[in-house]
Amino acid sequence: MIPTDVDLWVFAYGSLMWRPGFEAVESTPADVDGYHRALCIESHRHRGTPELPGLVLGLDEGGSCRGVAYRVEAPRVADTLAYLRERELVTHVYVEKMLPTALPDGRVVPAVAYVVDRTHRQYVGLLSPEETLSRIVGRVGLAGPNPDYVVNTARELERLGVADPTLSWLAAALTVSTDE
């Protein structure tokens, strides 16, 4: 149970970085160990359909992940959690967890994060870059085109100074394919 009477940190590693959808009083680059960012989830709603699923990011086991930590003030925590649960737990491919999150000032704070459930039917695991690209091109869901999701995430990572060669390659390939 996540307390709603104290400030809450939220760890973002995908679209929450560039489109959080909630009000935060502080945001900062942050790191989580034990998990990495991966396009490992079929999206049947937000970035694809059941017939033509797209791919979205999951926080998957192993490695480490640089993202953004948002601090939400206590009076907004309950509403923020309700919003995040509606957005992230649509098909329950994510598990809500509190993870130790390292901030640049040396503090380690507990932050809510959405970690992929590797046993869920939408989990696809590690795909080749080419297979990943083929599962993104032309896919559209309720939140918009799947290529936009990947390109926006790659741009946000670049802005944060985070090197992600796979996402950078995908963004470049997707930008070329949408320009043609």
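This is a predicted model: local features need pLDDT of at least 70, side-chain atom pairs count only at pLDDT 80 or more; totals for chains, interfaces and linings use all residues.
Residues are numbered from 1 along each chain as its sequence is written, and side-chain values use heavy atoms, with hydrogens and water left out.

Let's start with helix 2. Helices here are DSSP runs of H or I with at least four residues, strands are runs of E with at least two, and both are numbered from the N terminus. The expected span of a helix is 1.5 Å times one less than its number of residues. Several of its residues are tucked away: Ala74, Val77, Thr80, Leu81, Leu84, Arg87 and Glu88 are buried. Buried means under 20% relative accessible area, exposed means over 50%, and partly exposed is in between, using a 1.4 Å probe and protein chains only. What lies over those buried residues? The cover includes strand 1, helix 1, strand 3, strand 4 (94-102) and strand 5.

Helix 4 is also worth a look. Its 14 residues reach 20 Å from the first C-alpha to the last, close to the 20 Å expected. Its buried residues are Asn146, Pro147, Tyr149, Val150, Val151, Thr153, Ala154, Glu156 and Leu157. After helix 4 comes Gly161, which has a positive phi, near 80 degrees.

The partners are Arg159 and Glu156, with their closest N and O atoms 2.7 Å apart. They sit 3 residues apart in the helix, about one turn. Arg159 is exposed at 59% relative accessibility, whereas Glu156 is buried at 11%.

How many salt bridges does the structure hold? There are 14. One of them pairs Glu23 with Arg76 at 3.5 Å, N to O. This pair links distant parts of the chain, 53 residues apart: Glu23 is in the loop between helix 1 (15-18) and strand 2 (26-43), and Arg76 is in helix 2. Both ends are partly exposed, Glu23 with a relative accessible area of 45% and Arg76 at 39%.

Another salt bridge joins Asp60 to Arg118, where the closest N and O atoms are 2.7 Å apart. Asp60 lies in strand 3 (residues 54-72) and Arg118 in the loop between strand 5 (108-116) and helix 3 (129-134), so the pair ties together parts that are 58 residues apart in sequence. Here Asp60 is buried, at 3% relative accessibility, while Arg118 is partly exposed at 39%.

Now for the pockets. On a 1 Å grid over the protein atoms alone, a pocket is an open set of points with protein on both sides within 12 Å along at least five of seven lines, and lining residues have an atom within 4 Å of a point. Grid points are joined across faces, edges and corners, and a volume is the space filled by probe spheres set on the points. The largest pocket holds about 390 Å³ of space. It has 27 lining residues, and those closest to its centre are His46, Val56, Arg87, Glu88 and Tyr94. Strand 1 (8-12), helix 1, strand 2, strand 3 and helix 2 each give at least two residues to this lining.

The second largest pocket has about 270 Å³ of space. Its lining is made of 19 residues, with Arg37, Ala38, Leu39, Leu126 and Thr166 nearest the centre. The elements giving two or more residues to it are strand 2, strand 3, helix 3 and helix 5 (165-179).

To finish, here are two single residues. Thr28 is in strand 2 and is buried at 15% relative accessibility. Leaving aside neighbours within four places in sequence, Thr28 is in contact with Trp9, Gly67, Val68, Ala69, Leu103 and Pro104; contact means heavy atoms within 4.5 Å.

Gly48 belongs to the loop between strand 2 and strand 3, and at 2% relative accessibility it is buried. With neighbours within four places in sequence set aside, Gly48 is in contact with Ser43, Pro53, Gly54, Val140 and Gly141.

Key: A salt bridge is a side-chain nitrogen of Lys or Arg within 4 Å of a carboxyl oxygen of Asp or Glu. On a 1 Å grid over the protein atoms alone, a cavity is a set of points where a 1.4 Å probe fits but cannot get out, and a pocket is an open set with protein on both sides within 12 Å along at least five of seven lines; lining residues have an atom within 4 Å of a point.
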